[in-house]
Amino acid sequence: MKLRVAGVITESVVDGPGIRTVVFAQGCPRACKGCHNPETLDPAGGQVMEESAILSLIEKTKLVKGVTFSGGEPFMQAAAFARLGKKIREKGLDIMTYTGYTWEELLEIGQEDPAVRKLLEITDYLVDGPFIESQKDLTLAFRGSANQRIIDVRKSLQKGDIIIANFA
């Protein structure tokens, strides 16, 4: 399977807990004012990569704790990212997904689009919500603005309510 990506960073410590590989999805419908990755907005930009090439980059980095799907908007390519995520999880790595959608919006969209639900289910931690420039806060771990939440997806799906992840 192929994914349209803006790029892949093999080692990051700012895109989730521990050392992570980051896959930047290409394309985002939100175009938030002050976007941290404006080059990822154009859905026709970036490059097309084979899933196997991305997995190879992940496997080459030995100290990686997990993989982060960032963007752009990973949920625009939900089926491809869910499939990649399944293979990443089989390697024992966790997944953090950034999205401009809220948890509530994704649950609603997931009722109609099974790929969205699958990507949610394969995600361990979800950073949800659009970046809001007036709420920008550089002191927040793994987030850009105060409205964004880091959700423990597994616990939230089990409980049927949002459980905020704790990395302290």
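Mentor: Start with Ala 31, in the loop between strand S2 (20-25) and strand S3 (47-50). Keep in mind that the model is predicted.

Trainee: What makes the phi of Ala 31 stand out?

Mentor: Phi of Ala 31 is near 50 degrees. That value is positive, and the residue is not a glycine. Most residues other than glycine have a negative phi.

Trainee: Which peptide bond is cis?

Mentor: The bond from Gly 71 to Gly 72. Omega there is near 10 degrees. Most peptide bonds are trans. Gly 72 sits in the loop between strand S4 (66-70) and H2.

Trainee: Now the helices. At what angle do H2 and helix H4 pack?

Mentor: About 30 degrees, with the axes of H2 and H4 (residues 114-122) 8 Å apart.

Trainee: Why are H2 and H4 called roughly parallel?

Mentor: Angles under 35 degrees count as roughly parallel. The angle here is about 30 degrees. H2 and H4 are therefore roughly parallel to each other. The crossing of H2 with H4 is left-handed.

Trainee: Which residues of H2 and H4 meet?

Mentor: From H2, Ala 78, Ala 79, Phe 81, Ala 82, Gly 85, Lys 86 and Arg 89. From H4, Ala 115, Val 116, Lys 118, Leu 119, Glu 121 and Ile 122. By class, this contact has eight nonpolar, one polar and four charged residues.

Trainee: And helix H3 with H4: at what angle do they pack?

Mentor: About 130 degrees, with the axes of H3 (residues 103-112) and H4 6 Å apart.

Trainee: Why is H3 called oblique to H4?

Mentor: Roughly perpendicular covers 65 to 115 degrees, and roughly antiparallel needs over 145. The angle of about 130 degrees makes H3 oblique to H4. In H3, the contact uses Trp 103, Leu 106, Leu 107, Ile 109, Gly 110 and Glu 112. In H4, Pro 114, Val 116, Arg 117 and Leu 120 take part. The classes are seven nonpolar, one polar and two charged.

Trainee: How do H1 and H2 pack?

Mentor: Helix H1 (residues 51-60) and helix H2 (residues 78-90) pack at about 40 degrees, with axes 11 Å apart. Their crossing is right-handed. H1 brings Glu 51, Ile 54, Leu 55 and Ile 58 to the contact. H2 brings Ala 80, Arg 83, Leu 84, Lys 87 and Ile 88. Six of these residues are nonpolar, none polar and three charged.

Trainee: What volume has the largest pocket?

Mentor: About 730 Å³. It is lined by 32 residues, and His 36, Asn 37, Ser 70, Tyr 98 and Gly 144 are the closest to its centre.

Trainee: How do the residues of its lining divide?

Mentor: Into 15 nonpolar, 12 polar and five charged. Tyr counts as nonpolar and Gly as polar.

Key. Residues are numbered from 1 along each chain as its sequence is written. This is a predicted model: local features need pLDDT of at least 70, side-chain atom pairs count only at pLDDT 80 or more; totals for chains, interfaces and linings use all residues. Side-chain values use heavy atoms; hydrogens and water are left out. Axes are lines fitted to C-alpha atoms, for helices over the stretch in contact, and angles run from 0 to 180 degrees between N-to-C directions. Helices (H or I, at least four residues) and strands (E, at least two) are DSSP runs, numbered from the N terminus. A crossing is left-handed if the near helix is turned anticlockwise from the far one by less than a right angle, and right-handed if clockwise. Contact means heavy atoms within 4.5 Å. On a 1 Å grid over the protein atoms alone, a cavity is a set of points where a 1.4 Å probe fits but cannot get out, and a pocket is an open set with protein on both sides within 12 Å along at least five of seven lines; lining residues have an atom within 4 Å of a point. Grid points are joined across faces, edges and corners, and a volume is the space filled by probe spheres set on the points.
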